[in-house]
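Q: Please take a close look at the charged side chains in one part of this model. Which of them pair up, and are they buried or exposed?

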Amino acid sequence: MRNVWILARREFTHYFISPLAYVLSFFFFLVLGLVFYLSLSAGIAFGQIEPDGRVVIGWMVWILLLAITPFVTMRLIADEQRMGTLELLLTAPVRDWELILGKWLGSFGFLLLLLSVTWVYPLILHRMTQPGIDQGVLVAAYAGLVLLVAAMLAIGTLVSTLFSNPWAAAPVTAVVLLCLVILGNASATSEWARQVGFFQHYQTFYQGVIQVSDVAYYLSLTVFCLFLSTQVIQARRWR
């Protein structure tokens, strides 16, 4: 596991020297800040602030799905291929699964940092309302969000292994994630199709309920995509 942590730390550190990471973070918090401000202003105007700590989570999910995750994951493997450094990594004493897991963990750590900062919004709301927000519902919603992010990053990692151009990987990742959402939301699809939808499984977390089946869904999808990513890297090694 030592190689995994070295790669994860290297990847995590890279986000703090990347202009794109700062642009994404600024956009992320700008939109959420505006949503929170408008929600708070509307509550004050009507004389009642809704004590719902999930006030920004709905927007947060869409921003993560369509903007943040695709651009965070696009360079994980694709950029290594573009610069020709992937071959060096493959000849180093690093197993394929260590490379994939380390890259994924680095991006996961960066997004966890962003999510942790967003706790400031429910904390402000908690102080402004009586008797305060429902902590249990908020914790469940964030727990589901962490699992959702883990799965989205795993999908983005898989897509990144298939491209040598990061800017091609980003829109493809966004399209794949959006297709999973649409597939689950389409009323004409089968029950099986609805079960693979991202938001269907997240809805129970959002309502304050943590079910084993929903946890298993996100964990299974994460592991499966990371496994497929490893297989793609393995195929490249033997070319």
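A: Asp79 is buried, with a relative accessible area of 11%. The model is a predicted one, and every value here is computed from it. Side chains of opposite charge can pair when their charged atoms come close. Asp79 has such a partner: its side chain meets that of Arg82 in a salt bridge, at 2.7 Å from N to O. Both residues belong to helix H4, where they are three residues apart, about one turn of the helix. The two ends of this pair fall into separate classes. Arg82 has a relative accessibility of 51% and counts as exposed, because the exposed class begins over 50%. Asp79, at 11%, is buried, because buried means under 20%.

Glu80 forms a salt bridge with Lys103, and their closest N and O atoms are 2.5 Å apart. Glu80 counts as buried at 2% relative accessibility, and Lys103 counts as buried at 1%.

Salt bridges that share partners join Arg10, Glu11, Arg75, Glu80 and Lys103 into one network. One of the salt bridges in the model is that of Glu11 with Arg75, whose side chains meet at 2.1 Å, N to O. Glu11 sits in helix H1 (residues 2–14), while Arg75 sits in the loop between helix H3 (57–73) and helix H4 (78–83), so the pair ties together parts that are 64 residues apart in sequence. Glu11 is buried, with a relative accessible area of 1%. Arg75 also counts as buried, at 13% relative accessibility.

Taken together, the picture has two pieces. Within helix H4, Arg82 and Asp79 pair about one turn apart. Beyond it, a network of five named residues, Arg10, Glu11, Arg75, Glu80 and Lys103, is held by salt bridges that share partners. For the whole model, the count comes to six salt bridges.

Technical notes. Residues numbered from 1 in each chain as written. Predicted model: local features only at pLDDT ≥ 70, side-chain atom pairs only at ≥ 80, totals over all residues. Heavy atoms only, no water. Salt bridge = Lys/Arg side-chain N within 4 Å of Asp/Glu carboxyl O. Helix = DSSP H or I, 4+ residues; strand = E, 2+ residues; numbered from the N terminus. Buried < 20%, exposed > 50% of the residue type's maximum accessible area, 1.4 Å probe, protein only.
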